[in-house]
Amino acid sequence: MKKNILLGSLLASVSVFGLSKAHAEAQPPTLKINGYTVVTAAIANQQRTDNGMGGTDPHVSIGASDLYFTITGKAANGLEYKYRINFETIPGSDMYINRNYIEINGTFGTFQAGNVKGPEDSMPESGPNMINGANGIDGTMKSVYNFSAGVISGVNFAGETSKATKVVFYSPEVMGFQLGVAYTPNTSHMGSDDRNNSTPGSAAGVGNPKRVYLDKNKKNTPFGTRNIVVGLTYKKIIEKWSYELAVVGVTEKSHLSITGNGSQQQYRLHDARSYQLSAVVGYDQWRVAAGWIDNGKSRIPKDPISAASFLGDTYLGNAGTAWNVGASYTVGAYQFASAYHRTSRRTDAVNHASSDILVNTVDFTALQGLKVFTEVDFVKTRTNEKAMKVQQDYFNQANNGYKAIGNNSAMLFMIGSKVSF
């Protein structure tokens, strides 16, 4: 019954856009399968070797691995429709199916609905996008480096929705400008979760700055309702020059419920109000990019939370800022790239936690679909005693035997390969 209602609603929507004729002329759909996998080996020489991060022997892992099944169809008048499933094929991964959505493209723009990333992921392009390799701060680095307590990654802004269930619309490009809008009813909702805005759903932990809320993917983490993301890009190409600017912002109603001793308590948070600016300039084989993220006090508690002592004086701090700059140069089968990344966050009324990260990569396309790479990273993270106590209190309550990390620095070396088809 539910499937019939959904199909009827979709056909009704198509009719509203005047697409019923296109449906009648539609060609049979086709299935395409593609994907990729990345295998890396990393060596870390760092000051802090706690929590099993010691030793100079290489760490070998699958950095990323996805398999896509895409069904597409196209009408004679240009209308296109798509259904895509994305399997995350990393062994031991929790979310084996992490995308499942429909898409309709026409002169009106692009409409998407389901579990899919939104404009905050697809529209900005900044320094970290210039590098490939093991993907710097958003890749293998986080599995071999001991990040200091309270330091945020700064890759995404607070309140971002990842692949939570949503509807997305991208306008046609007009004079170089394109608008993107996404509405996510609940940022912790995935798949067929029931409606429940009092506790996080199966996607708990999405959109929280790393190391602010430590209880990742569990119940004691914030989530957002009525989340709206709006993005605007401008693109221009003049002979060998190319330009791209983007601004993306999010607003939502943020929630936090903590369950313990058989009861559940709701706490007041600052609603997520975050934004990101980015710019890319290209000339021939050169590309240079920069980005800025400001999280303000997004999802930070308004009051002390005694039920979660591991949050400490977080309510007096903020969700942090980040900026980056990067460049890449492509010559033949080689790409050389570097990116600098800086984050800073106030962990309480006066203390800070910060990071400085320089990533350098060389990629070589050996064959079509086969790429090998090297990456050298220089990392320095700084924190304070209060932030370390907050993290240690959480580890003690979780009884996992981990130790809070103070100031740390390292040089990381990685090699790997990527196979795609």
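Exposed here means over 50% relative accessible area. The model shown in these close-ups is predicted.

**View 1. Arg 48 and Asp 50 pair through their side chains.** The salt bridge spans 2.8 Å from N to O. Are the two partners buried or exposed? Both Asp 50 and Arg 48 are buried.

**View 2. Arg 287 bridges to Glu 125.** The closest N and O atoms of this salt bridge are 3.1 Å apart. Arg 287 lies in strand 12 (residues 286–294), and Glu 125 in the loop between helix 3 (119–122) and strand 6 (165–170), so the pair ties together parts 162 residues apart in sequence. Arg 287 is partly exposed, at 30% relative accessible area. The salt-bridge count for the model comes to eleven.

**View 3. His 189 sits in the loop between strand 7 (177–186) and strand 8 (223–238).** With a relative accessible area of 18%, His 189 is buried. The cut-off for buried is under 20%. Its side chain reaches the backbone oxygen of Asp 193 at 2.7 Å. Leaving aside residues up to four places away in sequence, His 189 touches Asn 115, Ala 164, Thr 165, Asp 194 and Ala 203. Pro 209 is 20 residues from His 189 along the chain, and their C-alpha atoms are separated by 18 Å.

Definitions and conventions: Residues numbered from 1 in each chain as written. Predicted model: local features only at pLDDT ≥ 70, side-chain atom pairs only at ≥ 80, totals over all residues. Heavy atoms only, no water. Helix = DSSP H or I, 4+ residues; strand = E, 2+ residues; numbered from the N terminus. Buried < 20%, exposed > 50% of the residue type's maximum accessible area, 1.4 Å probe, protein only. Contact = heavy atoms within 4.5 Å. Polar contact = N/O pair within 3.5 Å; in protein donor to acceptor, adjacent residues only side chain to side chain. Salt bridge = Lys/Arg side-chain N within 4 Å of Asp/Glu carboxyl O.
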